[in-house]
Amino acid sequence: MVVDSGTLPHEPNRSAAGAEIPATINPDFLTGGMKMQRIYCFVLMLLATALLSGSIRGQQSTDWPGWRGADRSDRSSETGLLQKWPSDGPEKAWTFDEAGFGYAGFSVVGDRLYTMGLDGDSEFALCLNAATGEKIWQTPCTGRFANGWGDGPRSTPTVAGDSVYCLFPNGTLVCLKTSDGSEVWKRTMQDLGGETPDWGFSESPLVDGGRVVCTPGGPKGAIAALDAVSGETLWQTSELDSRAHYSSLIIMNINDSQQYVQLLVDKVVGINPDDGKVLWQSDWHGRVAVIPTPVDINGQVYVTSGYNAGSRLIGLDGNKPEIVWDGRKVRNHHGGMILVDGSVYGYSDDVGFVCQKVDDGDLHWNNKEIGKGCCTWADGRFYFVEEDTGNVLLLEANPEKLKMQGKFTMEPQSENRNPRGRIWVHPVVVNGRLYVRDQEFIHCYNVAAGGGK
């Protein structure tokens with residue numbers, strides 16, 4: 001059900017791969033004989049291949065096709081956003097109150113928003129109109145995952161081309177059509193030798209170059225790549241035996257070579273995308289739950305996790321990892337860290353919201369007045385959600401200072417949330433809109449300076 005707080009115009013439809021395809025063909029193009037016709041057919045074939053390859057990096061820059069955005073940096077390319085909010089916060093566009101239980105995040109591509117939820121004993125994928133909040137489709141995918149901190153999904157769908165890929169906490173990975181939610185294929189992490197971690201599979205699948213890359217963990221190989229079209233196994237890192245935790249893979253260019261980088265409970269690794277071979281690995285002292293996504297800092301790997309594990313910057317000389325610095329001044333339990341203009345920002349256990357130096361890991365500053373939570377960044381501002389209060393903060397931050405430029409409280413909040421659970425869904429800013437969630441409630445706010453798009 002949608003509670004409309006002011007109708008927004010629909011977003012225009014976009015090409016699935018972000019390519020601009022002309023609506024008409026110039027007749028002169030086809031008058032050059034069979035040679036030109038063959039070239040034209042070849043171009044069409046390349047376009048079709050791009051669509052089928054399912055790479056999130058084919059999406060338009062204003063889309064948010066998966067966890068932490070297209071490049072997984074949690075930085076939006078949005079501009080023209082409100083730099084300061086009114087005293088009561090930005091205008092609410094709509095509220096959807098049937099998203100079910102769980103902590104699944106948002107993907108937004110074109111005029112559609114994708115997430116997941118739990119209703120009764122069924123976990124489902126959900127597609128809404130991103131501008132109005134109207135439900136487009138809902139697809140049951142697997143059974144209920146029960147957990148003492150709250151039942152239901154806890155990852156973000158990944159959209160690539162005309163498919164959306166969803167990993168559910170019991171290990172079920174499904175590929176659905178974006179058009180109607182119909183199932184294309186289904187696999188499980190147990191098929192790949194994985195064992196369900198304590199808090200369920202929480203990774204958001206990475207889609208790149210026709211591959212769906214995930215971390216089942218286990219002796220068959222901690223990381224695996226599946227064919228994006230068929231779901232068949234392409235490779236698995238058989239020499240890498242490590243239990244699945246909760247971090248998500250990123251793509252990095254290291255020494256002019258593309259790699260998949262993952263933070264595991266006991267190591268940080270770089271993987272060859274073509275065959276799954278381990279290019280390098282560096283020990284990590286993860287404890288209890290290793291959750292945050294690695295951060296690419298100009299070809300160096302920044303990692304952090306909670307339970308006093310700390311943070312670290314890893315450089316690579318060829319494929320030889322070297323620890324640039326290591327410390328415990330920043331311990332991000334979950335909520336993520338974001339690189340902006342040469343400094344890293346996020347929430348650290350015990351010391352609050354921080355700005356951390358990249359060169360040595362020391363702090364520029366920390367602020368304990370801001371409660372624990374998660375954030376994203378867009379147009380010079382951090383959008384931060386406090387997990388205990390549901391307060392949503394607009395923060396202006398640089399290495400010299402932190403200044404609040406707006407605050408409101410998410411309303412309504414769920415009365416059905418597990419007592420041990422909190423508001424853990426990460427905010428997303430795309431197309432002039434801010435999306436936040438607490439269990440069954442998804443809220444959308446207009447944050448564009450000129451009003452909603």
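Biologist: In this predicted model, how do the residues of the lining of the largest pocket divide?

Modeller: They divide into 17 nonpolar, twelve polar and seven charged. The lining has 36 residues, and those nearest the centre of the pocket include Arg154, Ile291 and Trp424. Arg counts as charged, whereas Ile and Trp count as nonpolar.

Biologist: Why is this space called a pocket and not a cavity?

Modeller: A pocket is an open set of points, while in a cavity the 1.4 Å probe fits but cannot get out. The space of about 790 Å³ was found as an open set, so the term is pocket.

Biologist: How many cavities of 30 Å³ or more does the search find?

Modeller: The search of the whole structure finds one. The largest cavity has a volume of about 60 Å³.

Biologist: What makes Tyr246 a lining residue of the largest cavity?

Modeller: A lining residue has an atom within 4 Å of a point. Tyr246 is listed in the lining, so an atom of Tyr246 meets that cut-off. Others in this lining include Phe201, Glu203, Arg243 and His245. By class, the lining holds five nonpolar, four polar and two charged residues.

Biologist: How do you know that β10 and β11 pair?

Modeller: Pairing needs at least two bridges. Five bridges join β10 (residues 172-177) to β11, so the two strands pair, and they run antiparallel. Cys175 has Trp185 in β11 as its bridge partner.

Biologist: What is the order of the strands in the open sheet?

Modeller: The order is β8-β9-β10-β11, with antiparallel pairing. β8 (158-160) and β11 (183-188) each pair on one side only, as edge strands. From one strand to the next, the twist averages 15°.

Note on methods: Residues are numbered from 1 along each chain as its sequence is written. This is a predicted model: local features need pLDDT of at least 70, side-chain atom pairs count only at pLDDT 80 or more; totals for chains, interfaces and linings use all residues. Side-chain values use heavy atoms; hydrogens and water are left out. On a 1 Å grid over the protein atoms alone, a cavity is a set of points where a 1.4 Å probe fits but cannot get out, and a pocket is an open set with protein on both sides within 12 Å along at least five of seven lines; lining residues have an atom within 4 Å of a point. Grid points are joined across faces, edges and corners, and a volume is the space filled by probe spheres set on the points. Helices (H or I, at least four residues) and strands (E, at least two) are DSSP runs, numbered from the N terminus. Axes are lines fitted to C-alpha atoms, for helices over the stretch in contact, and angles run from 0 to 180 degrees between N-to-C directions.
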